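Thanks for coming, everyone. Let me put the model on the screen, and then we will walk through a few spots.

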Amino acid sequence: IVFDNAVTPEAASAIFGALSKTQYSVLPTDSDVAQKEEIYREGDYFINSYTSITIKMVEAMACGNVPICFRTAESQDFIDHGTDGFVIDTPVQLLPLLESLDKDEDMRREVSKNAREKIVQNYSLSAFTSKWAHVFDYMKSQFHHLQ
């Protein structure tokens, strides 16, 4: 499990309390930046405990980690529950979800694939530059050209 551990001690305690006596190991993401991609590739899941979508979560999704977020308006807008990630209400729901995904490897692989595709399709460099080109074209059209 890859975990964004730059969170409050209360949030970390609640999450790790649920995982402390399980087979899951937790990979922190605050370590050396050069190792970040390796960390994401080692994980199967990414737990986003923030109230917003973080760049770490997007990076993890791009590497095929299954994102698990706590329910917020932003997470519900970004994650299609059960398709490209999961949204849970409390840390108590985390362990049963992980266990069910481990038992159903096909579902875990499908959600992982969908999470990666979502990022590649919507947040690639070409998508980014295309959106900015559209903005610039629109702004250009708003100015009156003197002849």
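Which residues does S75 touch, leaving out those up to four places away in sequence? They are I53, C69, F70 and V87. Keep in mind that this is a predicted model. S75 sits in helix α4, residues 73–78. Is S75 buried or exposed? Its relative accessible area is 3%, so S75 is buried.

Now, salt bridges. The whole structure has seven. Take D89 and R71: their closest N and O atoms are 2.5 Å apart. D89 lies in the loop between β5 and α5, and R71 in the loop between β4 and α4, so this pair ties together parts 18 residues apart in sequence. D89 is partly exposed at 44% relative accessible area. R71 is partly exposed too, at 40%.

Next, helix α6, residues 105–123. R109 bridges to E105, with N and O 2.7 Å apart. Those two are four residues apart, about one helical turn. R109 also forms a salt bridge with D106, at 3.6 Å from N to O. That pair is three residues apart in the helix, again about one helical turn. D106 counts as exposed, at 57%. Shared partners join D44, E105, D106, R108 and R109 into one network.

D44 brings us to the pocket. The largest pocket has a volume of about 160 Å³. D44 is in its lining, along with residues including I1, Y24, L27 and D102. What is the make-up of that lining? Four residues are nonpolar, three polar and three charged.

That's my tour. Over to you.

Methods. Residues numbered from 1 in each chain as written. Predicted model: local features only at pLDDT ≥ 70, side-chain atom pairs only at ≥ 80, totals over all residues. Heavy atoms only, no water. 1 Å grid on protein atoms, 1.4 Å probe; cavity = no way out; pocket = protein on both sides within 12 Å on 5 of 7 lines; lining within 4 Å. Points joined across faces, edges and corners; volume = space filled by probe spheres on them. Nonpolar A, V, L, I, M, F, W, Y, C, P; charged D, E, K, R; others polar. Buried < 20%, exposed > 50% of the residue type's maximum accessible area, 1.4 Å probe, protein only. Contact = heavy atoms within 4.5 Å. Salt bridge = Lys/Arg side-chain N within 4 Å of Asp/Glu carboxyl O.
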